[in-house]
Amino acid sequence: PYHFISNQFDVKVKAVGHAGNQCLSILTQLIANQEKLYHAPIVIILSPSWFESKSTKGTPSEIFLEFNSEWYLNKILNNKIDKPYTAYINQRVADMFQDFNSPNLELKLMFNQHQAAKSFIHQLLFQPVILADEQLLSFRNLINPFRVVHKNAYQRKTMLSKNIQFNWDSIFTYSKSQVLKNASNNNLGIANDLYPEFEHKKGSVQPVAPRFNQELKDMQMLIEFLKKKKANVTFIISPLNPFYFKNLKELNPTINHIETCLQDNGFKYLNLFESDTTKYDKALLFDVMHLSDYGWYKIDQFIIENYHLTNAN
């Protein structure tokens, strides 16, 4: 979408993230930019793989550090408006704190603030450390302040309906035929050159109950925050290949839980997940979990029509 839409409209699309940039990391990035969220057009792609097996533990610590700079952590610490969410982030930082080899002042403050919030005794014990860290942080920011860069890209443009029409049927028919043409040596919808990697094995998913699924809890907090900020958010649930994952139906209750959360909070979404091999569209992916051109066109259409970028047919 950040190529297709930017090439067709006067709307610039910025994409953030890669594997592992899960709901907690998305939440912290958005809280650090909360002043830009009111009615901001945002699309969040949720991967089903985040909500099963080891990924249910939440955003990996190394990914959290990759996508959350000291500047972002500073902004979260100084956020006095969204206290329930900053407290939640403090708790999640404390959960992963042992993974940090050399935590910076921001991470230490978040950890200590979470510890101090546990009880009155904890507050007495940790408050001197918190005050010392806050003074160090203030001094550091004074002698080496974060430079705020004002760019035109930060100025949100009104997304007006354009006089552009897409023949989606033609786009889908052609792109689907090309995907399937490149997957001619198997019945799984996997590209010919990738099929040998999956030919002699089957994948499986490991569902985790909601009460033990940290990623689901992070997602619920993310949804709650975006609703509070009145962001113009839509969600996409990406697919997995049911011909490869032998027990994919076991993930249906988790996907249903995600859909219910989105529906209850009034967010529009596109669900491309399908566990039934008789209903699954083989052209959506080029392997077992990565979208093909056809799959991305489906997302392009969803975004363009939901944000009224065109009167598309």
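The structure is a predicted model, in which local features need pLDDT of at least 70 and side-chain atom pairs count only at pLDDT 80 or more, while totals for chains, interfaces and linings use all residues. Residues are numbered from 1 along each chain as its sequence is written, and side-chain values use heavy atoms, with hydrogens and water left out.

Twelve helices and three strands are found in the chain, where helices (H or I, at least four residues) and strands (E, at least two) are DSSP runs numbered from the N terminus. Along the principal axes, the C-alpha atoms fill a box of roughly 65 × 50 × 35 Å. Of the 313 residues in the chain, 48% are buried; here buried means under 20% relative accessible area, exposed means over 50%, and partly exposed lies in between, with a 1.4 Å probe and protein chains only. Among contacts between residues at least 6 apart in sequence, 79% join residues at least 24 apart, a contact being defined by heavy atoms within 4.5 Å.

Strand β1 and strand β2 pair in the parallel sense over six bridges, and the bridge partner of I45 in β2 is I236. Strand β2 (residues 232–237) is also joined to strand β3 (residues 268–271) by four bridges, and these two strands run parallel; in this pairing, F235 has Y269 in β3 as its bridge partner. Strand β2 is mostly covered, with five of its six residues buried.

The largest nonpolar core contains 84 residues, of which I44, L46, M219, L226, F235 and I258 touch the most other members. Such a core is a set of buried Ala, Val, Leu, Ile, Met, Phe, Trp, Tyr and Cys residues joined through side-chain atoms within 4.5 Å. Apart from its neighbours within four places in sequence, L46 is in contact with C23, F51, M219, F235, I236, I237, S238 and I258. Helix α2 (residues 23–32) is largely enclosed by the rest of the structure, because ten of its ten residues are buried. These buried residues, including C23, L27 and I31, pack against β1, α3, α4 (70–77), α5 (83–96) and α10 (214–228). In helix α6 (residues 105–116) lies H114, which counts as buried because its relative accessibility is 18%; when residues up to four places away in sequence are not counted, H114 touches N90, Q91 and A94.

A nonpolar surface patch of about 470 Å² is made by F120, I121, L124 and L125. Patches are made of residues with over 30% relative accessible area and no salt bridge, with like charges joined within 9 Å and nonpolar side chains (Val, Leu, Ile, Met, Phe, Trp, Tyr) within 5 Å; a salt bridge is a side-chain nitrogen of Lys or Arg within 4 Å of a carboxyl oxygen of Asp or Glu. I121 is placed in helix α7 (residues 120–143) and counts as exposed at 54% relative accessibility. K54, located in the loop between β1 (41–46) and α3 (61–67), also counts as exposed, at 68% relative accessibility.

Methods: Areas by Shrake-Rupley, 256 points an atom, 1.4 Å probe, with all protein chains shown as cover. Pairing = 2+ DSSP bridges.
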